[in-house]
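My entries follow the order in which I consulted the structure.

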Amino acid sequence: RGFLDGAFKSAEMSNAEITFYDEASGRSWRSENASVSLTRTNSGLSASVAGDVDLGGEFAGLQGSAQYTEQSGIVSVELNGENFPIGDILTTFYGDPAAVIEAPVSGKAVIAFTTQGEVLSSRFSAQIDQGFVNIGEARVAVNYIKWDTVFNPDDNQFEIDELAYEVGGNKGVIAGDVGVDFAGDARTPESVSFSLSGRELVAAAQGFLPGPVAIAEARIVGAYRIPDRRVALNSIDLSLLDIAIAADAAMVFPRAADGAPALSPEVKVNLTVDGELDPKRLLRIWPLSVAMGGRDWVEARMEGAVI
């Protein structure tokens, strides 16, 4: 520190090898041809780094810059990454269960923190292209997911300005808040709460609905408890097929024993429908595996009606 406060003006390195090692996961990232610079400014220090990072045989591009202001004691960092395997990143910070996405991610992070390590603000803009997401036992194709969000470290809450996605035939644009409860362990989230609204949505729950359903508007408030895989949807409001649906639901996705067949989820739903439906539109939103006797009767015998 004394050296930097005294006669130091600048330093540069090229063709440098930089290794990041995470003790908790045992994973390491390495860049062999990195360039690094550190320069004194009128207000503090300025730094930059650039290079290609080797992530176990997968290469990603990284560029970063940082500004340190002595008077405020604040460090501002901007990182730009390209083609980082997001599953590897999630595993590094949260362990193997977090590696639910197999796809490259590119984007930008802007973070401000104090010299004591206290994060003051952060913003993330990124896009995931062409990969897979693992949902329970299913492996679902990802066309793209892109988002622009601000993270509030005081309450571990993400404010999503916009998240656009096309995953497994489902697509749309959503915004809202997502909070994460770590229960004292930053590597093991306990639960995730959310309050989200969406537009221009298409629901294509294969095996659950008979076909894709366009949803003009949607709002969902709920939470997901990670240890017991329990979802509580406290409020669901949907506008689709010229009707309005208000509902609440609870779902549990039990884990099967090793080598045993997958267990069926437990689902409880209460809903009201405001509007009129004919049998054809009713069957479009009637899940294939729910009250199958009633569904089959409507499909076979109710050719025309106002419901």
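**Entry 1. Overall make-up**

I note at the outset that the model is predicted. I looked up the secondary structure of the protein chain and found four helices and 16 strands. The chain has 307 residues, of which 30% count as buried. I then turned to contacts between residues at least 6 apart in sequence; 40% of these join residues at least 24 apart.

**Entry 2. Nonpolar cores**

I recalled that in soluble globular proteins, nonpolar side chains tend to be buried together. I therefore searched for nonpolar cores, that is, buried residues of this kind joined through side-chain atoms within 4.5 Å. The largest core holds 41 residues, and those touching the most other members are Ile 128, Ile 145, Tyr 165, Leu 233, Leu 240 and Ile 285. Strand E15, which spans residues 243-252, gives the most to this core, with five residues.

Leaving aside residues up to four places away in sequence, Ile 285 touches Leu 209, Val 213, Leu 240, Leu 241, Ile 243, Ile 245 and Leu 277. Another core, of six residues, lies apart from the largest one; among its members are Leu 45, Ala 66, Val 75 and Val 77.

**Entry 3. Arg 295**

Is Arg 295 buried or exposed? I found a relative accessibility of 6%, so Arg 295 counts as buried, the limit being under 20%. Arg 295 sits in helix H4, residues 292-301. Residues up to four places away in sequence not being counted, Arg 295 touches Pro 210, Leu 283, Trp 286, Pro 287 and Leu 288.

**Entry 4. A nonpolar patch on the surface**

I next looked up nonpolar residues at the surface. Val 267, Val 269, Leu 271 and Val 273 make a nonpolar surface patch of about 340 Å². I checked Leu 271, which belongs to strand E16, residues 266-274. Its relative accessibility is 51%, so Leu 271 counts as exposed, the limit being over 50%.

**Entry 5. Salt bridges**

How many salt bridges does a search of the whole structure find? I recorded eleven.

One of them joins the side chains of Arg 123 and Asp 148, at 2.8 Å from N to O. This pair links distant parts of the chain, since Arg 123 lies in strand E8 (residues 119-135) and Asp 148 in strand E9 (residues 138-152), 25 residues apart. Arg 123 is partly exposed at 34% relative accessibility, and Asp 148 is partly exposed at 26%.

I also examined Glu 200 and Arg 199, whose side chains meet in a salt bridge of 3.4 Å, N to O. Glu 200 is exposed, with a relative accessible area of 57%, whereas Arg 199 counts as partly exposed at 39%.

Finally, I looked up Asp 228 and found a salt bridge with Arg 225, the closest N and O atoms being 3.5 Å apart. Asp 228 counts as partly exposed at 29% relative accessibility, and Arg 225 is likewise partly exposed, at 35%. Which residues are linked with these two in a network of salt bridges? I found that Glu 190 and Arg 230 are linked with Arg 225 and Asp 228 in that network.

Methods: Residues numbered from 1 in each chain as written. Predicted model: local features only at pLDDT ≥ 70, side-chain atom pairs only at ≥ 80, totals over all residues. Heavy atoms only, no water. Buried < 20%, exposed > 50% of the residue type's maximum accessible area, 1.4 Å probe, protein only. Helix = DSSP H or I, 4+ residues; strand = E, 2+ residues; numbered from the N terminus. Contact = heavy atoms within 4.5 Å. Patch = residues over 30% accessible without salt bridge, like charges linked within 9 Å, V, L, I, M, F, W, Y side chains within 5 Å. Areas by Shrake-Rupley, 256 points an atom, 1.4 Å probe, with all protein chains shown as cover. Salt bridge = Lys/Arg side-chain N within 4 Å of Asp/Glu carboxyl O.
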